[in-house]
Amino acid sequence: MNTAFYNNFYINAVTHHTYIHNIIYNTRSCFVDHRVWCRKNSYRPLPAAAAERTKMEKADSLVIDDRDSLEKKKTSIRNAGPQKLQVIADFDATLTRYWINGQRGQSSHGLLQQENPEYDDKRQKLYEYYHPLEFSPTISIEEKTKLMEEWWGKTHSLLIEGGLTYSAIKKSVSKATIAFREGVVELFEYLEERDVPVLIFSAGLADIIEEVLKQKLHRSFKNVKIVSNRMAFDTDGRLISFKGKTIHVLNKNEHALDMAAPIHDQSGDSNGLADDNASVKSRTNVLLLGDHIGDLGMSDGLNYENRIAVGFLNDNIEKSLASYQKAFDVVYLNDASMWGVLDIVSQLCSSRDD
Ligand SMILES: [Mg+2]
């Protein structure tokens, strides 16, 4: 399928839906009998802009591979209570939208523009070399891990060498094509009210993610913690080093928790995070949100009892749907909103008597 065709039907949601229906109903007839195609309607109403939400829900399509297994997991998690729950989320194209006004949304790494554009070019060249290797089916995971460490190491060195400043980060974010999915704020608020921690695992840059949260959501959440690469700046606001171990696409998981710092430490909020890393790890029920099958590795390092994995399949739907529906408990298509996830969370956090 060519890019122009894809662009066209992403811009035109109706065409897209028709196309996806055709894929499912014409080529996977067994799929129809056992999978849920439309939203389940048995959920409790949540505080949200009702009309807008209804509109978004109608637009969202989801696939559930094994409904019984999902319901069992929901029941176990609900019975254990919100105090045993944590949410683990990828950032780019999971919390953020894949398409924005017909254009690809930028990633937290991709949006960054240094004052010295020569260094942007150098980083772009690294991307062009290493990105295909990241997705190569013929390179072993060990070799790939080495390559990713190499890529991240070189990129971080270029950021330091090129004299990146915090003001360049602020400016880059303000100019970036990046936006959160509808319902992300409501999801974070709902979880904050119930003291459920949200760990955002990203191989990107924590300082940029924080700036995106600040500029796009205009607030911080005491339950949200970013586990990503964190920068150290000198008194002039110039990048001098990176803190802790490099987090790349193949090692972003709960093993990396110990180097994370809560977002409010950076933004001057004096309220402490209710959970330290140890007590986060005692929360053995997980709702995991990702947009790549590799994101399932985010729960590595956590000895979880129940995990519900939600996948956002944003692109290459025809090619990837089969593997996504096997890997994730729920798959949202068509760059969906976060309202469906909020619905799942409200079911997980409702009391047994509801
Ligand atoms: Mg992602």
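What share of the contacts with a separation of 6 or more in the protein chain comes from residues 24 or more positions apart? Such residues account for 73% of these contacts, a contact being two residues whose C-beta atoms, placed from the backbone, lie within 7 Å.

The model is predicted; local features need pLDDT of at least 70 and side-chain atom pairs count only at pLDDT 80 or more, while totals for chains, interfaces and linings use all residues. Residues are numbered from 1 along each chain as its sequence is written.

**View 1. The largest nonpolar core.** This core has 70 residues, and Leu-287 and Val-310 are among those with the most contacts inside it; a nonpolar core is a set of buried Ala, Val, Leu, Ile, Met, Phe, Trp, Tyr and Cys residues joined through C-beta atoms within 7 Å. At least three of its residues come from each of domain 1 (32-102 + 179-349) and domain 2 (103-174), with bounds from an automatic or database domain assignment.

**View 2. Strand E9.** All six residues of E9 (residues 285-290) are buried, so the strand is largely enclosed by the rest of the structure; buried means that 20 or more other C-beta atoms, placed from the backbone, lie within 10 Å of a residue's own, and strands are DSSP runs of at least two E residues, numbered from the N terminus. Asn-285, Leu-287 and Leu-289 point one way, whereas Val-286, Leu-288 and Gly-290 point the other way.

**View 3. The strands paired with E9.** E2 (residues 85-90) pairs with E9 in the parallel sense over five bridges, where pairing requires at least two DSSP bridges. Six bridges join E9 to the parallel strand E10 (residues 306-313). Val-286 is the bridge partner of Gln-86 and stands opposite Arg-307 in E10.

Methods
Buried ≥ 20, exposed ≤ 12 C-beta atoms within 10 Å, placed from the backbone. Helix = DSSP H or I, 4+ residues; strand = E, 2+ residues; numbered from the N terminus.
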